[in-house]
Amino acid sequence: MGEITVSGGKNTAVAVIPAALLCNEPCTIENLPDIADVHALVDILRLLGAKVDYVAGSHMTIDASGSTGYQVDYSQTRRLRASYYLLGALLGRCGKAEVAYPGGCDFASRPIDQHLKGFQALGCQIDDRGGVVYAKTERLTGNDVFFDMVTVGGTINVMLAAARAEGTTVIYNAAKEPHIVDLANFLNSMGAKVKGAGTDVIRVRGVKELHGCTYTVIPDQIETGTLMIAAAATRGDVTIRGCIPTHMEALTAKLLEMGIKVTENDDSIRIQPQTVQRAVNVKTQVYPGFPTDLQQPMTALLCMANGTSTVSETIFEQRFKHLDELRRMGAKIKLMDRTVLIEGVEEMYGAPVTVTDLRAGAALVVAGLMAKGVTEIYETSFIDRGYERIEEKLRSLGADIRREKL
Ligand code: EPZ
């Protein structure tokens, strides 16, 4: 019950921060979320020699002029999945990069072959051995890049390398997520020439030099969606402020289909309680379809919907590790290939559960809010990678949730 303001976007922050390596003037980035992935990138940029002034919850100023590093080892890359963006940023900055394969969420194999294919198209020599990607080129040259599948990371990584390549790069079958558009806007604020972001063809005309800028990243689409789902799960009357309703349309449509009252204003969304929540069918798709990152919290919500729901995961083949934990809480769930069959139950019960990945953690928080009794959630560090103090935000809305030291 009440109002909550959403933080800046994690998946935009982890793309925009490395992009500051593409110029030798200070870049100030505002509205960054105070999360572990951002902290990890601050350390990595400092290790590369950049000067980083970071005021958590306020802004970050990055001056890469003194940065000569181009190697990032596994001790750093294991801290966040998005560390692979350092490949594109370092190639764009100095034509060479040695970056260990990332860590991060392990719900699928998560290859980066498309990223490497893109770099090769731009004239890079790629060596991939011992868990490290060695990339180098005398000269980055613009080219056409056609992705075999829509890849957010691949699209972002090629944009980063192409920004300062000689000539024009055209990315076909590009991802269209809000954070792709946000990165394009950031690059253009630095003097880059990126057109078409948000469509499936992005044109990047490389420029020799980029300059510093001040930029505010967009609000977090997935945190917004997670808060909307938590509000619906608890029958709360909640207004989420500082969000972009047009980014939420796929989820909003599904909640309306369930019979939940959703009201959109310019920069806020209000969720109001409805008694019966109907079962629905959900299928994850690339943007603007239903986001795979909301599949897990949505699965939790549907555990107590009225009827049988299905949730099909078309993006990541193994994004189902949260199902066992939900079953421990009384959920009636069957997994058939990549579709979850959920038979809505009257009641869920608190239980000790373990987080396996970031959005599985979000699902367990939602389930814990719905369940009768106490739910103890272990391995919450996964949740802190992508949500800024989630328990404080939910507590301010009346949830009985607290963090305890083990
Ligand atoms: C980004 O991951 C996000 N991570 C993910 O969010 C999000 O789930 C995903 O995009 C889809 O929206 C960040 O932005 C840091 P992809 P990414 O490349 O870039 C396959 C979260 O919870 N693929 O769009 O890794 C891949 O295996 C995280 O915030 C290849 O086969 O996703 C997947 O099946 C989790 N080869 C599909 O494409 C490649 O080279 C889409 O992956 C690249 C991808």
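These legends go with close-up views of a predicted model.

**View 1. Around the ligand.**
Of the 26 residues around the ligand, the ones that come nearest are Asp 113, Gln 114, Thr 151, Asp 293 and Ile 315. Asp 293 puts a polar side-chain atom 2.5 Å from a ligand oxygen atom. Tyr 84 also brings a polar side-chain atom to an oxygen atom of the ligand, here at 3.0 Å. With Pro 111 it is the backbone that takes part: one of its N or O atoms lies 3.4 Å from a ligand oxygen atom. On its own the ligand has 830 Å² of accessible area, and the protein covers 91% of that. As for helices, H1, H5, H6 and H12 (358-370) each give at least two residues to the shell around the ligand.

**View 2. Helix H1, one of the helices in the ligand shell.**
H1 spans residues 10-19 and is mostly covered, with 10 of its 10 residues buried. Among them are Lys 10, Asn 11 and Thr 12, along with Val 14, Val 16 and Ile 17. Pro 18 and Ala 19 are buried too.

**View 3. Tyr 84 and its ring partner Tyr 85.**
Here's the residue from View 1 again, this time for its ring. The centres of the Tyr 84 and Tyr 85 rings are 4.8 Å apart and the planes sit at 75 degrees; angles over 60 count as edge-to-face, so that is what this pair is. Both Tyr 84 and Tyr 85 are buried. The count for the model comes to 3 aromatic pairs.

**View 4. A stacked pair, Phe 146 with Tyr 172.**
What separates these two rings? There are 5.9 Å from centre to centre and 15 degrees between the planes. The pair links distant parts of the chain, with Phe 146 in strand S9 (residues 144-146) and Tyr 172 in strand S10 (residues 168-172), 26 residues apart. Phe 146 counts as exposed at 53% relative accessibility, while Tyr 172 is partly exposed at 25%.

**View 5. Two charges over rings.**
Lys 96 has its charged end over the ring of Tyr 70, 4.5 Å from the ring centre. In the other example, the charged end of Arg 129 sits over the ring of Tyr 134, and the distance to the centre is 4.0 Å.

**View 6. Asp 148 and Lys 117 in a salt bridge.**
Searching the whole structure turns up 21 salt bridges. In this one, the side chains of Asp 148 and Lys 117 meet at 2.7 Å, N to O. Asp 148 lies in the loop between S9 and helix H6 (152-162) and Lys 117 belongs to helix H5 (residues 113-121), so the bridge ties together parts 31 residues apart in sequence. Asp 148 is exposed, at 56% relative accessibility, and Lys 117 is partly exposed, at 29%.

Asp 324 and Arg 327 bring their side chains together in a salt bridge of 2.7 Å, N to O.

Arg 402 and Glu 404 form a salt bridge whose closest N and O atoms are 2.8 Å apart. Arg 402 and Glu 404 are both exposed. Elsewhere, salt bridges with shared partners join Asp 34, Glu 388, Arg 389 and Glu 392 into one network.

**View 7. Thr 226 and its polar contacts.**
Thr 226 sits in helix H8 (residues 221-233) and is buried, with 4% relative accessible area. What does its side chain meet? A polar atom of the Thr 226 side chain lies 2.7 Å from the backbone oxygen of Ile 222. The Thr 226 side chain also makes a polar contact with the side chain of Tyr 387, at 2.7 Å.

**View 8. Helix H10, mostly covered.**

Conventions
Residues numbered from 1 in each chain as written. Predicted model: local features only at pLDDT ≥ 70, side-chain atom pairs only at ≥ 80, totals over all residues. Heavy atoms only, no water. Phe/Tyr/Trp six-rings, centres within 6.5 Å; stacked < 30°, edge-to-face > 60°. Buried < 20%, exposed > 50% of the residue type's maximum accessible area, 1.4 Å probe, protein only. Helix = DSSP H or I, 4+ residues; strand = E, 2+ residues; numbered from the N terminus. Lys NZ or Arg CZ within 6 Å of the ring centre and 35° of its normal. Salt bridge = Lys/Arg side-chain N within 4 Å of Asp/Glu carboxyl O. Near = heavy atom within 4 Å. Polar contact = N/O pair within 3.5 Å; in protein donor to acceptor, adjacent residues only side chain to side chain. Areas by Shrake-Rupley, 256 points an atom, 1.4 Å probe, with all protein chains shown as cover.
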